[in-house]
Amino acid sequence: MKAIKEFKNKKVLVLGLARSGEAAARLLSKLGAIVTVNDGKPFEENPSAQALLEEGIKVICGSHPIELLDEDFACMVKNPGIPYDNAMVAKALEKGIPVYTEVELAYRISESPIIGITGSNGKTTTTTMIADVLNNGGLSGLLSGNIGYPASEVAQSATTEDILVMELSSFQLMGIENFHPHIAVITNLMPTHLDYHGSFEAYVAAKWNLQKNMTADDYLVLNFNQDLAKDLATKTAADIVPFSTQEVVDGAYLLDGQLYFKGEAVMAADELGVPGSHNIENALATIAVAKLSGISNQAIVETLSQFGGVKHRLQSLGQVDGVAFYNDSKSTNILATQKALSGFANGKVILIAGGLDRGNEFDDLVPDIEGLKKMVILGESAHRLKRAADKAGVSYIDAQDVKEAAGLAFEEADEGDTVLLSPANASWDMYKNFEVRGDEFIAAFEALQGE
């Protein structure tokens with residue numbers, strides 16, 4: 001990493017912990033800053049704060065004393081999820097204290113070029129696709145950012161031989177100043193997180209921050225299926241590389257079932273390892289980045305044809321704070337859930353299960369759920385699954401629906417754990433079909449990501 005001096009002997013306030021705050025505090029301390037961490041969680045319930053204190057970093061927990069800002073802080077680094085109308089953030093801005101998110105720190109120390117990916121939908125899939133293609137094509141792409149690997153942590157060990165492939169939320173992008181990716185992708189822009197941003201226009205402005213420091217030497221990959229993207233394309237200094245499933249563009253596009261880049265057929269759309277028109281868009285964005293990075297067609301085809309799996313069938317959704325989420329809503333019977341569990345270490349799994357009561361007991365599932373970290377149980381069959389959990393010696397909690405279950409499971413999880421929705425039951429007691437049930441789980445995961 002670059003041994004920058006700008007924070008040396010400067011007082012910096014880190015507001016909010018979680019993984020990104022913890023990583024930022026450690027990095028700033030390493031850079032010679034005088035770090036104060038302020039987190040709302042009580043110290044005795046806050047292992048991150050306890051660990052930082054043991055490392056000699058000042059921590060103030062359990063409240064957010066506004067008078068803390070009377071100290072002469074050079075800047076604040078805040079958790080992305082903390083809104084700007086928070087009293088501490090608002091006071092800092094009133095006092096002229098710059099407020100950053102940790103991706104800004106990552107950029108300032110990074111020796112590696114950055115590929116930044118944002119958007120309303122498809123960020124995680126596209127980010128993962130890009131990293132996989134780069135790695136399969138002979139480069140070194142390191143996942144970082146909102147995908148579950150704090151950028152300021154990954155950047156510390158990245159070298160000039162690596163590329164940071166960084167998923168970025170609107171929340172993170174509001175806290176940048178010098179951040180400058182060489183290639184950037186905006187997958188799409190839809191009205192979301194309006195409770196945080198206040199309006200769609202403000203949300204788009206936050207996302208558009210991604211390109212604010214880019215120049216004509218950089219590339220901005222935009223979704224020309226959207227008129228909004230075409231309009232935004234006229235408002236940047238970056239070199240625009242469009243992608244589209246609806247028209248031929250000077251970039252990546254779908255035509256007659258083939259995925260092209262600038263007139264060259266790369267692969268057939270039906271070769272993609274993941275189905276759905278949204279994944280064709282994600283693949284086109286990935287192809288654009290891959291071709292700009294010098295990756296061969298062979299490596300692109302090999303990677304994208306093997307990528308992912310069928311939606312709702314052990315579908316990897318990504319990570320939140322190091323916790324992996326898998327959507328296996330299509331497991332509507334015991335056998336399917338047994339197969340799903342066979343791929344994981346039970347001690348690190350929180351299983352969400354339950355649904356339509358068909359009158360069967362779950363004794364056959366008992367050996368497969370032994371050793372689970374926890375179960376979250378819902379639906380008509382809950383009483384039968386609880387009997388199985390008791391026989392297996394697994395503790396459990398109740399949930400009213402999949403959305404609540406996802407949140408409860410995440411609360412039980414630690415970094416490195418997996419939240420697995422694999423119900424072992426049909427969905428019809430609560431949902432029209434397993435797709436609706438799975439979609440609710442995906443939406444709950446995306447909400448937890450906190451864009």
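Me: Before we start, what makes two residues count as being in contact here?
Reply: Contact means that heavy atoms lie within 4.5 Å. By that rule, and skipping residues up to four places away in sequence, Asp 239 touches Thr 215, Ala 216, Asp 218, Tyr 219 and Leu 220. This is a predicted model, where local features need pLDDT of at least 70, side-chain atom pairs count only at pLDDT 80 or more, and totals for chains, interfaces and linings use all residues. Residues are numbered from 1 along each chain as its sequence is written, and side-chain values use heavy atoms, with hydrogens and water left out.

Me: Why is Asp 239 called partly exposed?
Reply: Buried means under 20% relative accessible area, exposed means over 50%, and partly exposed is in between (1.4 Å probe, protein chains only). Asp 239 has 34% relative accessibility, so it counts as partly exposed.

Me: How do you know that Glu 102 has no salt bridge?
Reply: A salt bridge takes a side-chain nitrogen of Lys or Arg within 4 Å of a carboxyl oxygen of Asp or Glu. For Glu 102, which is buried, the nearest side chain of opposite charge is Arg 19, 9.4 Å away. Glu 102 does touch other residues, including Ser 20, Val 77 and Gln 172.

Me: What makes a set of residues a nonpolar core?
Reply: Such a core is made of buried Ala, Val, Leu, Ile, Met, Phe, Trp, Tyr and Cys residues joined through side-chain atoms within 4.5 Å. The largest one has 54 residues, and Met 166 and Phe 179 are among those touching the most other members. A second, separate core of 35 residues includes Met 129 and Val 241.

Conventions:
Lys, Arg positive; Asp, Glu negative; His and termini not counted.
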